[in-house]
Amino acid sequence: MAVVLRGEPGERLTDLVAWTGADGILRLAGSLYEPGGFTGAPFAGLVLRPLTASAEQTLGVVWTFGTLLLVAALGLVVARALPGPAGRRTALLAAPLAITLLMVSLPVRNTLHLGQTSILPVLLVLAACFVARGERLPGVLTGVAAALQPVVLLFAALFWLTGRRTAAASAASAFAVCTALAWAVMPDDSWAYWVHHLAGTGLGERPDGLANQSLHGALLRFGLQGPAEIALFLVLAAAVTVVGLRRAVRYARDGQLLLAVAVTGCVAVAVSPTAWQHQLLWVLLAVVGRVGTRASDRLVWPAVVVLVLTLPGKMLLPNIGILLPVRDNVVLIAALGTACAVPFLPSTSPYWSKPVPTDHARPAGSRFAWVPLLPFWRRVLTRPNLLLELLLIRVVYSAYAKVRLAATAGRATAEEHGRQIHSIEQWLHIDIEHWVNHTVAGISWLREFFDYYYSTFHFIVPLTILGVLYVRRPSDYRWARSSIGFATVLALVGFWLYPLAPPRLMPGLGFIDTVHGVQDLDSPDFGALTAVTNQYAAMPSLHFGWSLWCGVVILLLAPKAWMKALGLLHPLFTVSCIVATGNHWVLDAVGGAAVVALGFGLTHVLAGPRRLLPKDTGPAGEAPGAERVEGSGTAGSGREKSGTAGGEGTSGAPGEPGPEEPAAEPAGSRT
């Protein structure tokens, strides 16, 4: 409520202003649809007309608070509808978790801002399926929901196909009565909506806009128009409806009624001519489906659904041409996957309640006995799911970029901190930046080399190392990924607490910006980069920090001496280029080294040392059939049963597998 209501009256609850303002749609004597601001069904307009007597301020408070209550009720119903048997922890946490996920989802946030009514049809359908008793009342609730959002009438088909004929007939009758009532009171508006606009098609924003996540909107974005597009849309919509409803019926008969509701809702999203962002809450319900036979894969599908419904597409996928069709239609793809493709487990599957356990390793003792180890998570031998890992890396980097951009305290503060750093370096006699910068600027080939190195290798080398570790050394990949993640988070804290102007942006010191060109320091808003990045995020230097992480990982894991030596050249070249180009002070590199050291330290404390003990040891202390990865690994097995996961031999005491650990699997059985 605070987020919505603290905005200016003309900037919050924009749809309510359009409905109830002095020139609002619901105050007009003519048609609801002539101004082009109202997109709901005529029955929704009929319900909302009495609200015009309320002031916008009062209605805004009531509407926002009422929406929050609807979300809470929806979360409680969803928690009650989870398929059993549910454990004590699930019963305790289901409702708070459901309400939290609903609140952070894009549809609910959009509803709160725009004052939409799209939560109500979802709540009415869920109440019909899980709260109302008998057959007639569920049908009536579903019919009213369909009168508010016509595509919801698909749930009457679900009732019919699952044998609830009375509920289906009641839903159709209630829908017809509500629609007829609206037609009797507002005949012109009903004609405009149902006939002229073909059940609301074309109302509101442009149907080819990114906000329309339906098959119709996607086909328009792909450039199809006219009769050919309409024919293709009808064919695809019919196919999705048939496949989706058959799957929904199967899950309903299997005892997974909530999943059946989610599948039907996703069909409605896909086949509706317009599916705006506030109408996509059905997709979030698909999080209840269970996918995968292994415990390590169970979180992949819920994580994908939550990320798709809580983050904009530009945070999930980079701005690369080949990925734009996926990024622009990511919610539609999730809805189509739920309706037609995702292999949800039936409740009769032996993996439904007991998936294949995750293979964990026992960490070796720490070399530093005084360091208290807090193993929050056990080390996993298998590589993580690739899709989930790519999403994790992308989302974390997007969040990093946004926090970095927001972490600024102004130019004056950053320049004052720059003078502090410069004074400290003068006192320490390490203020070599000016000399190095001007020396390199006078040697054209060296300047071009450092400019290119600064701009490209910062991302290429860490991603390459993570890719190689993912394929060749899964357990070491998790350890390395965690350490660079912790280092990056700590760097964000530094950016926020200590904004620092780099040498190239310090007035009066005479530094040459070799990468970005001459900056107009007399202008308060200088440089093209100011609008897209925080140029004062210099302490600590992640350019050097990430390069040092690369050097340490290569030094520890590379099997050949020449590889180790080559890996150490990367941080050397990086520290040289960040100083030579005027982008960092020497102490920035020290800060980068500090956050990397803390990142490795946190990983050590939370997950234990990198070196692992053997899982199963024979009489000679060697794991029977164990696969050593000293200097090599296999991408096919995806697991390391030996304690040499990091390339180091161990001579620890024999370890016995825990009671929950599975029997050994054939090589190549894990992916």
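**Exercise 1.** How many cavities of 30 Å³ or more does a search of the whole structure find? Then describe the largest cavity and its lining.

*Solution.* Keep in mind that this is a predicted model.
- Step 1: Searching the whole structure turns up two cavities of 30 Å³ or more.
- Step 2: The largest cavity holds about 50 Å³ of space.
- Step 3: Its lining is made up of Tyr 453, Phe 457, His 458, His 543, Trp 546, Ser 547, His 570, Thr 574 and Cys 577.
- Step 4: Now look for the helices behind these residues. At least two lining residues come from each of α23 (444-472), α25 (542-557) and α26 (561-580).

**Exercise 2.** Find His 417 in the model. Is His 417 buried or exposed, and what does His 417 touch?

*Solution.* 
- Step 1: Go to helix α21, which spans residues 411-428 and contains His 417.
- Step 2: The relative accessibility of His 417 is 12%. Buried means under 20%, so His 417 counts as buried.
- Step 3: Setting aside neighbours within four places in sequence, His 417 contacts Tyr 498, Pro 499 and Leu 500.
- Step 4: Zoom in on Pro 499: its backbone oxygen is 2.6 Å from a polar atom of the His 417 side chain.

**Exercise 3.** Where does pLDDT stay under 50?

*Solution.* 
- Step 1: Start with the whole protein, where pLDDT averages 79 and 77% of the residues score at least 70.
- Step 2: One stretch with pLDDT under 50 is residues 527-531, with five contacts beyond four places in sequence.
- Step 3: Another is residues 617-671, for which the model has 116 such contacts.

Notes
Residues are numbered from 1 along each chain as its sequence is written. This is a predicted model: local features need pLDDT of at least 70, side-chain atom pairs count only at pLDDT 80 or more; totals for chains, interfaces and linings use all residues. Side-chain values use heavy atoms; hydrogens and water are left out. Helices (H or I, at least four residues) and strands (E, at least two) are DSSP runs, numbered from the N terminus. Buried means under 20% relative accessible area, exposed over 50%, partly exposed in between (1.4 Å probe, protein chains only). A polar contact is a pair of N or O atoms within 3.5 Å; within protein, one must be able to donate a hydrogen and the other to accept it, and residues adjacent in sequence count only if both atoms are side-chain atoms. Contact means heavy atoms within 4.5 Å. pLDDT is the predictor's confidence in each residue, from 0 to 100. On a 1 Å grid over the protein atoms alone, a cavity is a set of points where a 1.4 Å probe fits but cannot get out, and a pocket is an open set with protein on both sides within 12 Å along at least five of seven lines; lining residues have an atom within 4 Å of a point. Grid points are joined across faces, edges and corners, and a volume is the space filled by probe spheres set on the points.
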